[in-house]
Structure formats: C-alpha cells, structure tokens
Amino acid sequence: MSRVRPDVPASDLSAVRAPLASRRTVLLGAAAGLAGVAVAARPAQAAPVYTPIPKLPGEVSRADTRTTRVGKKKFEVIDVVWGKDRARLYVPWATPPKAPKPGSVAWMYHSNGSTHTALDGAYAYGSQLLVDRGAVCVCPNFGGSTWTTQAALTHQVNWDKYMSGVFNIGVAFARANSGGGSLMTYAYAKNMVRGMRGIYLANATYDMEDLYARDPGRIGPVYGNDPALVAATNPARLPQSAWAGKRVKTVVSLVDPVVPPERHGLALAGLAKPVAADVRVQYHDQGHTVPGWTNSDMAATFSSWL
C-alpha cells in the first residue's frame, strides 16, 4: 500500500559456524562425489565467510558484508527460513548471536503487497540507522499479505521464539508502514513479542474492519470472506487496558486517501493516550506517501524510549 521509497525444537536454535575447507579437502571431496564441490574446468566457489556473525539457524542466504551509510558500521544481510516463513535480518558485527550483553531488536512489518525484502527497500536506510546503534533488524514475511489472520499470528509467535532463542534481547521496537500496522499493533497490544518497548506507525493501518468494509475484495479472501474472523483479531477491538504502559508514535496525513487516520493512527492514539506511557502524533501533508524524515525520526524515537 505505501509508496515509499514450523515449528522446530528449541534445541535447534544453536548457531553453527561453518569450518573453512582447505584446497586439499575440497579436491578430496570432489573425488568422493560430494554435492556442491566444483570439479574439472568449472570455477571453484568461495566458501561462506562468517566474520563475527556465525551461520544462523535456518540460514539460507547471506549477502556480502555491508557498511552502514552514516556510521560506517559493518553488518550482515541474512535470509532465514523458519516455521515455514522467510525473514531478512540485518545483524551488526557489534551484536552477534548470544552476545554477553543484551542488545536491541527492531522489527519491521512490511506493507501490504510487499515481502520480507522490504528490509532492503522501504526500510533500508532507517534500518541502517538502527544498525549504527547496534540493533538487529528483522523483517519477516509473515506469510505475505495476510493481515491479522491466524496464519500471520502463528508466524509472529514462531519468529518471536526464533529471535529470542538466537539473540540476547534486552529490548525490542517495531516499525510499520501502511498495511503492516494492523499485525504490529495487534502483536504489541497482545504482548506477542518479548521485550517490546514501543512501536512507530507511518501512515499505518489499525482497524481491520474499516479496511474490510471499504475493500472486501482485497481484505476478505485471506479471512475466508468471514466478517466474524476479521473482527476476532481486529486490533481496534482490543480494550483500552491493552495499551496500559505502552509507547506509540503515529505519523499521519489528514489527506491520506488509503488509510484515513481518524479510523487508524489517530483512533489508536486517542484510545491509548489515557493509559499509555507515551503517545506521540505527528502530521504531514504528503497523503499516503511516507515522508523520508520518518527514518531518522524513528531512530530518535526508539532511542528516547531506552
């Protein structure tokens, strides 16, 4: 929606460091017919380099080591498959798995129609600002655009178990643009993510029944076109007490034609303010386009909640 730019035993949550193979070992492996070893005239493939960040449980791919644009901090970009879902992580060298000192995690909830790859898209610059502060950033796919369905909530539970099993988490934060807001607000209000200190919404959704009423053809199918299922996990139906002690910042536009703030960001702020620890509202005039300044503002907001 936004225009900006299985269950596995806990015993498996042990990071594995891949040994580096010597040339002799590679040649012997090729002779033995081991899969994945280049032979004859085919060029040899470089072994993965794990740096200070060892291979993660469920890791399926890793890009070349990157450096943040501002702080010049090294970090790894890693894709993990877990609980039948895929996530992309930014893991700072400063915050390896099971570090002695508890660190922070920032959850990114992708917008409707996007995927876990939003960590390298809409959330890339903001996430790098968080990496500069030592935060691990994670953007699960949550099964795709499944809103607050039971499938999406199951993925949320699985990813919370994964992250807390792999990293030493002291505190967590979350950010959502557009359609990612509903799952984020529901998960926060229901305490589904351990250590969550506060959330940041940018033109983000909250009231699933409003979305369903205005666009049943897009919202309905993942709920089996059952209004009762939409209502059952609608964060807007949670009691005010669910927001006691919580921290929320919502960035809204009064001319947003897709996510009207009076039913979403402003509605959440109004409900939470009497009982929450901190509620902040900021306006912009760019409609449903998420302003670029939200990246640095998000990082500053999370820092203020530490």
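This is a predicted model: local features need pLDDT of at least 70, side-chain atom pairs count only at pLDDT 80 or more; totals for chains, interfaces and linings use all residues.

Q: How many helices and strands are in the chain?
A: Helices (H or I, at least four residues) and strands (E, at least two) are DSSP runs, numbered from the N terminus. The chain has nine helices and 10 strands.

Q: How much of the chain counts as buried?
A: A residue is buried under 20% relative accessible area, exposed over 50%, and partly exposed in between (1.4 Å probe, protein chains only). By this rule, 51% of the 306 residues are buried. Accessible areas come from the Shrake-Rupley method with a 1.4 Å probe, and for residues only the protein chains shown count as cover. The chain has an accessible surface of about 13,600 Å², and carbon and sulfur atoms account for 55% of that area.

Q: What span should helix α3 have?
A: The expected span of a helix is 1.5 Å times one less than its number of residues. Helix α3 (residues 150-166) has 17 residues and should therefore span 24 Å, which agrees with the 24 Å between its end C-alpha atoms.

Q: What covers the buried residues of α3?
A: Contact means heavy atoms within 4.5 Å. The buried residues of α3, including L153, W159, Y162 and M163, are covered by elements among them β3 (74-82), β4 (85-92), β7 (169-177) and α4 (181-189).

Q: Why is α2 largely enclosed by the rest of the structure?
A: Helix α2 is largely enclosed because eight of its nine residues are buried. The cover of these residues includes β2 (66-67), β3, β4, β5, β6 and α9. Just after α2, G134 takes a positive phi of about 90°.

Q: Which residues touch the most other members of the largest nonpolar core?
A: In soluble globular proteins, nonpolar side chains tend to be buried together. A nonpolar core is a set of buried Ala, Val, Leu, Ile, Met, Phe, Trp, Tyr and Cys residues joined through side-chain atoms within 4.5 Å. The largest core has 46 residues, of which L56, L89, W107, Y109, M163, I199 and W243 touch the most other members. A second, separate core of 25 residues includes V77, A106, A135 and F302.

Q: Where is K84, and is it buried or exposed?
A: K84 lies in the loop between β3 and β4. K84 is exposed, because its relative accessible area is 74%. Its phi is near 65°, a positive value in a residue other than glycine.

Q: How many salt bridges does a search of the whole structure find?
A: Side chains of opposite charge can pair when their charged atoms come close. A salt bridge is a side-chain nitrogen of Lys or Arg within 4 Å of a carboxyl oxygen of Asp or Glu. The search finds 13. In one of them, R86 and D79 meet at 3.0 Å, N to O; R86 is partly exposed at 32% relative accessibility, whereas D79 is buried at 3%.

Q: Which parts does the salt bridge of R263 and D207 tie together?
A: The closest N and O atoms of R263 and D207 are 2.8 Å apart. R263 lies in the loop between β9 and α8 (265-272) and D207 in the loop between β8 and α5 (208-214), so the pair ties together parts that are 56 residues apart in sequence. R263 is partly exposed at 37% relative accessibility, and D207 is buried at 8%.

How values were computed. Residues are numbered from 1 along each chain as its sequence is written. Side-chain values use heavy atoms; hydrogens and water are left out.
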